[in-house]
Amino acid sequence: MLNRGVAFTHEQRRALGLVGLLPSAVLTLDQQAERAYAQFRSQATDLDKYVSLTNLRSRNEVLFYRVLADHLTETLPIVYTPTVGTAIKKYATEYRRPHGVYLSVDAPQDIELSLRAAGLGGEDVDLVVATDGQGILGIGDWGVGGIDIAVGKLVVYTAAAGIDPARVLPVMLDVGTDRQELLDDPLYLGNRHRRVDRERYDAFIDAYVEAATRLFPHALLHWEDLGTANARRILDRYRERLLTFNDDVQGTGAVTLAAVLAGVRAGQADGGPPLREQRVVVFGAGSAGVGVADHLCAAMVADGLSEAAAARRIWCVDRYGLLTEGQDSLRELQKRYARPEDEVAEWAHDADRDGISLAEVVRRVRPTILIGTSGQGGAFTEAIVRSMAEHTERPIILPMSNPTDLSEAAPADLLAWTDGKALIAAGSPFDPVEYRGTKHAIAQANNALVFPGLGLGVIVGRATRVTDAMLTAAADAVAGCVASAEAGAALLPPVSALRETSVAVAVAVIRAAREEGVVGDGGDGGGDDGAVEARVRAAMWQPVYPDIDELL
């Protein structure tokens with residue numbers, strides 16, 4: 001954090017005992033950033049670029065973040081998804097130095113000792129990102145290599161919202177791995193056994209949460225890439241009593257809601273219905289899909305519906321078809337959206353999956369909004385999309401699965417199948433699409449549009465909980481950053497505008513926290529929006545060299 005390499009002045013070098021240990025020239029941070037970026041660009045592969053930036057960060061954290069800030073659109077896919085997935089797969093072979101705290105289920109007695117080893121006191125930590133490495137970015141269980149997803153998430157928090165990198169902590173919850181190739185790899189660096197059973201897992205998570213909240217009482221505990229069986233369960237276990245957040249559930253839901261809100265506003269410009277009158281089909285009813293449904297439901301309630309009425313406007317389709325009350329496979333988190341048997345008694349059933357298919361649901365429901373969180377590439381077929389478009393003037397279609405080959409549909413196809421009327425956001429990046437003389441910008445529903453600003457708002461506002469109202473406010477703020485009604489306009493802001501988007505989100509979150517009564521000691525959401533924004537901007541860490549005169 002203090003190193004500045006050849007940017008140390010001659011006076012500083014003499015005071016710090018660096019004379020003769022650096023070349024004679026003194027460069028500015030601007031010059032260093034120019035050279036570091038050129039070194040980054042010269043790398044042959046994305047993984048090489050990732051390693052180059054990781055090595056830079058190990059030497060000079062300020063310079064690392066300066067390069068990211070100057071080239072965020074180019075560097076974000078390297079330090080985070082999708083390239084971080086490749087780095088995680090190669091964690092053992094590319095290992096250079098540890099970063100973060102590693103907690104072992106085999107040594108729960110060392111949890112507090114390990115967290116204290118980071119050298120941070122109770123007032124020194126704003127944010128902790130923890131993962132168990134089981135549900136990494138759609139590539140599954142990669143054990144201890146998952147630490148890189150926690151590290152990468154915190155990099156985005158800093159790059160996109162100015163969270164101070166000296167006040168964050170990545171944590172690896174090493175509970176084993178079920179990936180045989182890791183267990184057979186002599187270089188694997190994690191616990192060499194299968195993932196533990198639920199009883200041991202829950203006891204370990206409880207011990208971690210107890211220690212983390214006691215040692216760092218003001219920190220936001222962020223859960224990242226837990227397995228499907230645990231993500232929602234763990235969130236529900238703690239969210240009503242602790243300051244905690246799961247990006248895969250709540251962040252995905254909020255950014256999807258932002259795209260929906262922008263799409264609804266664009267549709268209303270053409271006479272379309274308000275949110276409370278939309279009919280929504282969600283394809284993929286796992287933790288992410290149900291999280292999306294929950295956020296939409298909460299927003300519809302805010303728009304005037306009862307909770308029951310809002311839930312009835314959402315149809316969720318899973319691997320066995322439409323969720324219905326009689327299904328044996330129905331999970332607890334899905335029950336809210338299960339349709340009564342008598343409602344669908346006359347609907348056609350798919351013999352292969354013994355359920356009601358997406359095509360039949362679309363034909364019967366006539367949705368105005370179609371959302372994909374299934375990980376099934378091409379699931380939104382031409383027949384399904386054309387069936388939807390027959391009954392709505394501006395269909396909102398959000399193929400959210402990533403990477404690109406898992407996207408439920410390609411935006412170019414969606415525009416062609418709807419005669420250019422579809423309002424689209426995708427989970428993966430897509431180039432703009434030219435259709436009948438109009439250039440359509442395709443928004444990427446990247447969680448980075450929400451979680452960094454949410455974290456910033458929680459920290460500045462000293463919130464004690466992350467509530468549904470705060471998440472809805474965050475989504476509304478993101479939607480408000482774009483002019484979605486303009487022809488061909490994107491439904492969401494671009495990555496290049498992340499810092500400003502995060503400011504808007506943080507202000508909205510602080511306001512919502514105050515209205516919800518979840519502002520703790522030292523928190524202040526008072527004043528007009530201008531005053532709150534000024535406090536937010538003042539709190540954002542900037543990649544500039546700190547004053548070290550007091551150390552000399």
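Guide: Helices (H or I, at least four residues) and strands (E, at least two) are DSSP runs, numbered from the N terminus. The model is predicted, so local features need pLDDT of at least 70 and side-chain atom pairs count only at pLDDT 80 or more, while totals for chains, interfaces and linings use all residues. Residues are numbered from 1 along each chain as its sequence is written, and side-chain values use heavy atoms, with hydrogens and water left out.

Visitor: Between which two elements is Tyr95 found?

Guide: Tyr95 counts as partly exposed at 36% relative accessibility; buried means under 20% relative accessible area, exposed over 50%, and partly exposed in between (1.4 Å probe, protein chains only). Tyr95 sits in a loop, and the elements on either side are helix H7 (91-94) and strand E1 (101-104).

Visitor: What is the area of the nonpolar surface patch made by Tyr95, Tyr102 and Leu189?

Guide: Patches are made of residues with over 30% relative accessible area and no salt bridge, like charges being joined within 9 Å and nonpolar side chains (Val, Leu, Ile, Met, Phe, Trp, Tyr) within 5 Å. Areas come from the Shrake-Rupley method with a 1.4 Å probe, and for residues only the protein chains shown count as cover. For the patch of Tyr95, Tyr102 and Leu189, the area is about 260 Å².

Visitor: What is the strand order of the open sheet of 7 strands?

Guide: Two strands pair if DSSP finds at least two bridges between them. Strand E8 (321-322) and E14 each have a single partner strand, so one side of each is left without a neighbour in the sheet. The pairing is mixed, and the order is E8-E7-E6-E9-E10-E11-E14.

Visitor: Which residue stands opposite Ile369 in E10?

Guide: E9 and E10 pair in the parallel sense, over 4 bridges. Opposite Ile369, the residue in E10 is Ile396.

Visitor: Which residue in E11 is the bridge partner of Ile396?

Guide: Strand E10 (residues 396-399) and E11 run parallel and are joined by 2 bridges. In E11, the partner of Ile396 is Leu423.

Visitor: Which residue in E14 is the bridge partner of Ala426?

Guide: E11 and strand E14 (residues 443-444) run parallel, joined by 2 bridges. In E14, the partner of Ala426 is Gln444.

Visitor: How many salt bridges does a search of the whole structure find?

Guide: A salt bridge is a side-chain nitrogen of Lys or Arg within 4 Å of a carboxyl oxygen of Asp or Glu. One network of salt bridges links Arg232, Asp236, Asp294, Glu307 and Arg336. Over the whole structure, the number found is 33.

Visitor: How many residues apart in sequence are the parts that Glu112 and Arg214 tie together?

Guide: The side chains of Glu112 and Arg214 form a salt bridge of 2.9 Å, N to O. Glu112 lies in helix H8 (residues 111-116) and Arg214 in helix H11 (residues 198-215), so the separation of the parts tied together, in residues, is 102.

Visitor: How far apart are the closest N and O atoms in the salt bridge of Glu74 with Arg41?

Guide: Glu74 is partly exposed at 29% relative accessibility, and Arg41 is partly exposed with a relative accessible area of 46%. Their closest N and O atoms are apart by 3.2 Å.

Visitor: Is Glu61 buried or exposed?

Guide: Glu61 is in helix H4 (residues 61-70). A polar contact (a pair of N or O atoms within 3.5 Å; within protein, one must be able to donate a hydrogen and the other to accept it, and residues adjacent in sequence count only if both atoms are side-chain atoms) of 3.0 Å joins the side chains of Glu61 and Arg57. Because its relative accessibility is 11%, Glu61 counts as buried.

Visitor: How many of the 11 residues of helix H19 (residues 451-461) are buried?

Guide: Among the buried residues of H19 are Phe451, Leu454, Leu456 and Val458. H19 is mostly covered, and of its 11 residues the number buried is 9.
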